[in-house]
Amino acid sequence: MVDRVALTAFAAVLGGTSLIALSARWLRPSRELPSMDGWAVAGRDFGGFITWFLLGGSIFTAYTFAAVPGLAYGAGALGFFALPYTIMLCPVLFLLLPRLWRIAADGGHVTVADYVRERYNSPGLALAVALTGILATMPYIALQLLGIRAVLSASMVYPSGFGGDLILIGVFAILAVATFRRGLRAPTVISLFKGPLVFGAGLGVTVVVLYQLGGPGAIFERAAHPLDARPETRLLLDPSTYTVFASLALGSALAQPMYPHVLTAAFSANGENTLRRAAIALPAWTVLLGLFGFLGIAALAAGVLAPPGSAESSVPLLVARMLPSALAGAVYGALAVGALVPAAIMSVAVATLFTRNVYVEYFFPTATPKHELKTAQLVSLLAKAGALAFVFGLRDQDAINLQLLGGVWILQTFPAVAIGAFFGWFHRIGVFAGWAVGMVAGTLFVVSGGFSSVVEVGWSIKLYAALVALLLNLLVATGVTFVLRRSSVGMP
């Protein structure tokens, strides 16, 4: 049965924020003419305050705030790998994003593939980076909606059947219109509301849970030793999972900056120092993520029983138990708003990559700037429609599996994008060969393991599959470059 009070509060928060996205005009200077640069990266005009909200909103997605407590609820300590991952991510962003921003600004690049094409003088390598970004991002967009739908369904806020799906379609339609007209500025406006909403929800629910369950000590004790028939939860890492935990954290920290939506958000900043300041302040989002992970443990302590295969619903079920319906609905609305920011930025990034580095590069090289912009706007709509098709046309597990592969794939662009930004030793053929080997190896690791993100290497050591594929990638790139250098083949 649908909780109508919670549904009303949820719709008010989500609908109101979606409509605010249509007001993104105020972020656009009156002197600016419509252009690809203005639509995709907001004219590189955002200061530190906006950049912090935009980067945080694009990296810390709604699915993150559902999946991390779900992992803590289902797997205990292993689920907290996201905390060291996001801590390690900050220095990576501090070093990498200002460097890429300077290269992109000096070269007039709008996408990361623009930079790769010029850096290596290789349209083929640029195409590989662009297609990898598109393939990795599309299921990521769908996963935002998938996570929210699963969470709200478990919380009895989301009506079952077609009527419930109409809610998502309607909200996404408003977002599509806003993004079509305003580009990156639409999710930027939403990000300014997402931050206070999600921080307020996380802090508020944590305070209530601590009060009602008797404090952190009592919560961890009851989670580790439940009073019912459930098995005890491991709140400390098993030694056999140390390498898995560490490699997941490291691999994820290296992969996240390679996603097109993160780089799109970074390119919208107005300078290198702006990005450095934003990176220094990003750990505040990690603190919030830690609170949501703690709520997954609190759900165990409270005796919440999540449906089989839906551990991510543990916190919404906890919220439903601890808060009045109106407040619970507002919390669900905050989580849903958390999905709109990354989904919109992802659609802009995918559209820009396809338009500039596939369509114009290979099919319509004489396209005018106006035609290029119109094409990107259309592709952004198709990207959102494709995400909805993922949600409604595939099994939930299929979308999760594709996103898992996406994380493995996107890390294989690290040598071309990140290492190439600082070092000029690698040859373009070596980088391309390494990328190809990493893509094939990573895919085989994941698929052969039954879509597991973990692969076992020598001496029974288990590691994150994407990181192992990256090591093979780097070995091949190094070997091929060495051979080409010895053969006196010119560097790009």
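Is N357 buried or exposed, and what is its relative accessible area?

Modeller: This is a predicted model, and what follows should be read with that in mind. N357 has a relative accessible area of 4%. Buried means under 20%, so N357 is buried. The residue belongs to helix α16. Its side chain makes a polar contact of 2.8 Å with the side chain of T111. T111 is also one of the residues in contact with N357 once neighbours within four places in sequence are set aside. That list includes A113, D114, L127 and A130 as well, and T352 and Y362 complete it.

Helix α16 covers residues 325-363 and also holds R356. R356 forms a salt bridge with E372, with 3.1 Å between the closest N and O atoms. E372 lies in helix α17 (residues 369-393), so the pair ties together parts that are 16 residues apart in sequence. Both E372 and R356 are buried.

Now to the other salt bridges. Side chains of opposite charge can pair when their charged atoms come close. The count of salt bridges comes to six. One of them joins R102 and D106, whose closest N and O atoms are 2.9 Å apart. R102 and D106 are four residues apart in helix α5 (residues 82-107), and so about one helical turn separates them. R102 is partly exposed, at 32% relative accessibility, whereas D106 is exposed, with a relative accessible area of 57%. Another salt bridge links the side chains of R44 and D37, at 3.4 Å from N to O. Of these two residues, R44 is buried at 13% relative accessible area, while D37 counts as partly exposed at 27%.

Helix α5 also meets another helix. The axes of α5 and helix α19 (residues 414-422) come within 10 Å of each other and cross at roughly 85 degrees. The two helices are therefore roughly perpendicular. On the α5 side, the contact is made by L95, L96, R99, L100 and I103. On the α19 side, V417, A418, A421 and F422 take part. Sorted by class, the residues of this contact are eight nonpolar, no polar and one charged.

For another view of burial, take helix α15 (residues 314-322). Seven of its nine residues are buried, so α15 is largely enclosed by the rest of the structure. The buried residues are S314, V315, P316, L317, L318, V319 and M322.

Last, the chain as a whole. The chain has 21 helices and two strands. Of its 492 residues, 59% are buried, and N357, with its relative accessible area of 4%, is a buried residue too. Among contacts between residues at least 6 apart in sequence, 84% join residues at least 24 apart.

Methods. Residues are numbered from 1 along each chain as its sequence is written. This is a predicted model: local features need pLDDT of at least 70, side-chain atom pairs count only at pLDDT 80 or more; totals for chains, interfaces and linings use all residues. Side-chain values use heavy atoms; hydrogens and water are left out. A salt bridge is a side-chain nitrogen of Lys or Arg within 4 Å of a carboxyl oxygen of Asp or Glu. Buried means under 20% relative accessible area, exposed over 50%, partly exposed in between (1.4 Å probe, protein chains only). Axes are lines fitted to C-alpha atoms, for helices over the stretch in contact, and angles run from 0 to 180 degrees between N-to-C directions. Angles under 35 degrees count as roughly parallel, over 145 as roughly antiparallel, 65 to 115 as roughly perpendicular and the rest as oblique. Contact means heavy atoms within 4.5 Å. Ala, Val, Leu, Ile, Met, Phe, Trp, Tyr, Cys and Pro count as nonpolar, Asp, Glu, Lys and Arg as charged, and the others, Gly among them, as polar. A polar contact is a pair of N or O atoms within 3.5 Å; within protein, one must be able to donate a hydrogen and the other to accept it, and residues adjacent in sequence count only if both atoms are side-chain atoms.
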